[in-house]
Number of protein chains: 2
Amino acid sequence: MEKDGAVTVQEALDRLLQAAPPRPGIERIPTQQARNRYMAEPVQAQLSMPSYSASAIDGIAVRSEATQAASPHTPMKLREGEDFAWINTGDPIPAWADAVIMVEHVNVEGEGCVAITRPASSFQHVRQTGEDVAAGEVLLSAGQKIRPVDQAVLLAGGVWEVPVLTRPLVTIIATGRELVPPGLEPQRGEIVEFNSTLLGETLREWGAITRYGGIVPDDPALIRQTLEHALEQSDLVIVNAGSSKGAKDFVPSVLKEMGTLLVHGVSARPGKPAALAVVAGKPVLGLPGYPVSAYLGLEWFAKPWIRKWRGERTSHEEEVPARLSQPVHTRMGAEDHLRVRLLAGPDGNWDAIPLTKGAGVTFSLSQADGWIKVPADSSQWTAGKNVSVRLTRPLSLLRDRILVAGGDAPALDILLSAWSKQSGRAVARYVTGMQDALDRWRKGTCAAVVVETDGTDTLPECEERDTDLSHALPLGDVTWGWIVQKGNPDAIVGIQDWHRSDLHWILPPSGHSGRIFLEKAAVYAGVSIPLHRKEEPSYLKAAAAVYGEGAAAAWGIAFAEYADTVDFLPIARRRLSLLVTPSLLKETEGEILLQLLQDQPLRKVLQRSGLDKPTIIRG
Amino acid sequence: MEKDGAVTVQEALDRLLQAAPPRPGIERIPTQQARNRYMAEPVQAQLSMPSYSASAIDGIAVRSEATQAASPHTPMKLREGEDFAWINTGDPIPAWADAVIMVEHVNVEGEGCVAITRPASSFQHVRQTGEDVAAGEVLLSAGQKIRPVDQAVLLAGGVWEVPVLTRPLVTIIATGRELVPPGLEPQRGEIVEFNSTLLGETLREWGAITRYGGIVPDDPALIRQTLEHALEQSDLVIVNAGSSKGAKDFVPSVLKEMGTLLVHGVSARPGKPAALAVVAGKPVLGLPGYPVSAYLGLEWFAKPWIRKWRGERTSHEEEVPARLSQPVHTRMGAEDHLRVRLLAGPDGNWDAIPLTKGAGVTFSLSQADGWIKVPADSSQWTAGKNVSVRLTRPLSLLRDRILVAGGDAPALDILLSAWSKQSGRAVARYVTGMQDALDRWRKGTCAAVVVETDGTDTLPECEERDTDLSHALPLGDVTWGWIVQKGNPDAIVGIQDWHRSDLHWILPPSGHSGRIFLEKAAVYAGVSIPLHRKEEPSYLKAAAAVYGEGAAAAWGIAFAEYADTVDFLPIARRRLSLLVTPSLLKETEGEILLQLLQDQPLRKVLQRSGLDKPTIIRG
């Protein structure tokens with residue numbers, strides 16, 4: 001336990017399961033509607049399938065013993081009604097017969113008379129009563145998840161209704177004065193309330209029934225009233241936000257009043273300020289407001305609670321071993337849960353690249369390929385460390401995905417999304433410096449690299465001279481420069497203004513092409529890097545920050561869609577080209593990309609995003 | 001192509017995709033309802049999130065520059081309204097401020113006055129506009145499956161509606177005079193129509209919308225009329241059964257009349273008699289009537305057609321390498337799809353045991369852990385061959401499952417199902433001979449073996465002397481003997497009747513304990529194995545066959561529930577004991593099993609299924 005009263009996730013979960021164990025019910029529902037439900041009890045077949053001895057084929061029913069003399073040399077004649085009867089697949093075997101001869105092996109000799117050229121063996125082509133399912137057989141055990149094949153076997157065994165576990169009903173209550181429901185454009189100081197959707201839809205994915213309890217202002221009395229109402233109807237209640245220790249975090253004190261506060265604060269990040277309680281015998285999870293924190297709280301507590309509801313022991317989550325691509329620094333005393341992107345190496349190994357640690361970056365939840373956990377007693381992991389990644393996407397998708405590393409440009413996502421759509425392959429981008437991208441390309445962990453040239457085969461922002469760029473596909477030309485606030489109120493010209501202490505700047509991170517360009521320019525201009533600066537790899541995020549008046553200027557790309565929101569000071573032109581592995585270029589995917597680059601409607605869209613048609617296209 | 005006109009599955013699929021390609025539509029639906037749908041177009045953020053510079057924490061907003069002199073030795077006093085403003089998480093940053101100091105690092109000195117002991121850096125604890133999502137960012141690409149985290153990021157970016165692919169509407173028509181809907185007890189000659197549920201629920205699992213077209217008698221005019229109606233409303237139509245070449249198989253000729261019959265017969269088993277057609281530009285699948293054949297037809301043709309509907313290139317199906325545990329014999333000229341059970345070896349390798357090839361055995365679809373494919377140019381695979389198994393259950397479930405090998409008894413499934421429920425672990429049974437089971441136990445591919453003793457540590461039906469049975473748990477005692485038709489109309493006494501050529505017998509397969517017992521008895525009695533016999537490993541299936549008058553007698557276990565349907569001639573008693581790996585016995589699972597064996601209500605249930613309480617229980 002930490003000195004601030006935080007407990008480990010495991011200890012917190014144990015307390016929750018102990019104080020508010022799941023109490024599933026049993027309901028009988030039609031088998032035809034039981035897909036994805038969980039068996040509450042074992043079920044035995046009520047009927048045999050087939051319920052009578054049936055022919056397995058089309059042909060004639062015979063007494064096998066009476067056919068033993070038949071051979072190709074001595075065909076045997078059989079008379080209908082005496083020696084045989086015609087029979088179709090599924091027809092009952094007559095009481096006097098014990099075998100069926102396939103119609104293909106029967107020669108019709110005339111009305112009511114056939115010849116056979118080989119003997120039949122007893123039981124031949126006969127489906128015994130119960131061949132599929134025999135009455136009394138246990139068809140499904142308690143705890144099994146019901147799949148379509150299971151529904152079929154239940155019906156085959158005459159089980160029209162099945163006893164299944166009820167599904168847990170979870171109510172999600174959002175709290176916060178600043179929240180507005182999706183559909184309304186948020187005003188300054190307002191936030192779209194999407195956590196309820198994130199939590200609710202995830203819970204439905206896990207098999208729960210969810211109810212939305214609405215948005216409640218930060219008011220202890222209202223929170224209490226909403227909670228009381230929710231608890232009456234629910235098996236589990238989630239209150240989102242207000243679980244921390246700030247001035248408006250009323251949830252823990254309300255829970256303490258209403259029942260037992262089991263945990264306030266867990267030693268894990270993000271998601272630390274979670275509050276767990278039991279009220280009227282039911283569990284209440286108070287989850288922090290940042291989306292990533294709230295999501296992790298759900299995974300830590302709601303998921304195992306629902307698993308226990310179903311009596312499942314294992315989690316069925318897929319993990320893959322990977323090598324950490326960058327060092328990771330965390331604080332001791334709490335485990336850290338990091339989102340990672342996975343790059344597939346040619347040797348079948350995976351490189352795991354940690355994404356932002358920001359608890360507010362919902363987008364990274366969507367972009368992540370998996371999670372790694374740094375234990376509480378570690379504060380740094382070096383690059384190359386072997387880690388286990390809990391996957392959030394199917395492995396086969398990750399293996400098949402085309403990973404494009406390198407520089408940023410808003411138009412790239414649009415181009416690559418079109419490529420993905422046409423090729424049927426997932427395409428993902430990993431924004432990084434050119435040198436890093438080329439290193440990964442040589443290691444084989446990315447299939448394509450965006451390089452910034454000056455229109456020749458030279459990479460001005462990269463020392464790299466070993467890579468053959470002659471086959472790089474020219475994507476288009478961009479204009480680099482300064483994104484400034486509308487009307488340029490600070491009268492910014494460029495790096496000449498870096499010395500001004502009243503200005504805040506947004507720059508690409510070290511190693512990224514734009515940063516290297518600026519560092520070279522600073523040497524020529526004799527200026528030093530500005531004091532008030534922030535690193536941001538995405539040009540669109542940089543532009544949004546300037547628009548939001550969080551910075552005076554940001555290095556970025558000229559882009560028609562900015563026009564309404566910010567101004568742009570052009571500085572330099574660069575050619576973006578795509579270096580693709582020869583194998584990929586030779587496949588259909590290469591052809592598709594070449595066609596897309598010639599597609600006029602798409603080129604117009606790209607141009608609006610700042611990617612002009614390259615003036616020279618290689619033959 | 002085979003001489004009977006059959007084509008490969010791949011060729012058949014190519015023809016279908018060529019002649020009747022999927023034509024998905026696009027619809028705009030609320031983001032909050034878009035889970036598990038597929039993006040039709042890329043979507044860009046409409047808003048930035050946050051849409052203003054916001055405080056990331058609770059604290060005070062400051063000008064970073066004005067705080068530089070603060071240190072633990074020289075605390076700096078700040079005045080509210082001049083130097084700082086109180087700010088909560090999510091509040092907008094005032095225009096004059098550029099950083100936030102955490103409330104924990106602020107000392108309140110009096111009304112409107114605080115002291116700080118360290119400087120703030122610019123941008124500190126400030127969430128930039130667009131930090132999560134910047135307007136214009138591509139949030140999701142075309143083709144991506146929408147997960148809860150994706151719904152959240154769409155809402156964060158102000159995307160209230162998303163363009164998604166419509167879902168294919170599939171109508172399923174069942175044909176056959178012998179079919180009765182589930183819920184009615186089938187009479188002699190009738191079969192419960194469960195294929196529509198099997199096919200329809202599987203299609204829903206794959207993202208289709210399904211409509212049930214009802215049961216249509218085998219009548220070309222009615223089939224045509226139903227098809228016409230279904231085609232008007234559907235993207236794909238499935239006609240189940242009537243696709244073969246028998247007297248009542250009208251589907252291919254009806255399809256030929258209505259449109260183009262692309263394929264009739266594929267060179268793959270089971271599922272060979274599939275018929276594929278295009279009618280009015282829409283695909284029609286005529287699938288064979290046996291459940292396993294129908295299911296495979298769906299996997300071969302409907303699944304890739306739906307995948308193409310979504311523009312997906314890869315199937316995301318999980319495969320694992322395994323070693324074939326038994327030899328496999330197939331016929332050349334057609335690929336064979338075999339259901340297998342997987343046993344996890346201690347070395348992390350998997351043993352694959354082929355299950356029945358019977359196309360009518362729905363139960364094996366439910367019991368299978370995966371599929372293997374024997375190519376058309378192979379006719380036999382030896383034991384030990386390396387194969388690739390396409391999984392039908394999560395790998396983690398298979399790894400965690402307790403596999404119990406050995407002899408059959410109807411009560412075992414009931415006991416093991418209770419064990420599974422209490423322990424939260426899947427438990428599966430693999431019915432085999434004792435020697436085979438013990439061999440697998442020593443290899444470590446099963447965690448428990450059911451052994452049949454005479455009440456001491458001796459295994460009368462096994463040569464095995466090396467295994468220490470002293471720790472085997474006694475489960476109970478059973479009575480072996482002959483299951484005969486009610487009233488014993490054939491006046492059967494036992495193996496003395498094996499010579500009678502009018503009688504048909506059902507015996508356990510070679511190597512199974514009951515069979516070894518009978519073979520020894522035959523030696524003493526001087527009789528030979530009966531001519532008319534069938535091997536059946538399951539005692540319940542054997543009993544069902546006798547009840548259905550498909551055999552005169554079957555070797556089995558005495559069992560109170562038989563009483564209404566068959567009679568029983570007792571011959572010998574055996575003690576069933578469970579040999580469990582010491583590790584499993586020491587875990588909670590071992591304790592749970594010991595408790596269950598003492599549970600009175602459960603013992604009563606087991607007794608009704610023929611497993612009596614053992615007279616001696618070891619201490």
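Biologist: Before we start, what does "buried" mean here?

Modeller: Buried means under 20% relative accessible area, exposed over 50%, and partly exposed in between, with a 1.4 Å probe and protein chains only. This is a predicted model, where local features need pLDDT of at least 70, side-chain atom pairs count only at pLDDT 80 or more, and totals for chains, interfaces and linings use all residues. Residues are numbered from 1 along each chain as its sequence is written, chains are lettered from A and ligands numbered from 1 in the order written, and side-chain values use heavy atoms, leaving out hydrogens and water.

Biologist: So why is B:W305 called buried?

Modeller: Its relative accessible area is 1%, and the limit is under 20%, so B:W305 counts as buried.

Biologist: And what makes B:W309 buried?

Modeller: B:W309 has 5% relative accessibility, so it passes too.

Biologist: Why is the pair of B:W305 and B:W309 called tilted?

Modeller: Rings of Phe, Tyr and Trp (its six-membered ring) pair if their centres lie within 6.5 Å; planes under 30 degrees apart are stacked, over 60 edge-to-face, the rest tilted. Here the centres are 5.6 Å apart and the planes at 45 degrees, so the pair is tilted.

Biologist: What makes A:W480 and A:W555 edge-to-face?

Modeller: Their planes are at 65 degrees and their centres 6.1 Å apart, so edge-to-face it is.

Biologist: How do you know that A:K385 sits over the ring of A:W381?

Modeller: The rule wants NZ of Lys or CZ of Arg within 6 Å of the ring centre and within 35 degrees of the ring normal. The charged end of A:K385 is 5.0 Å from the centre, and sits over the ring.
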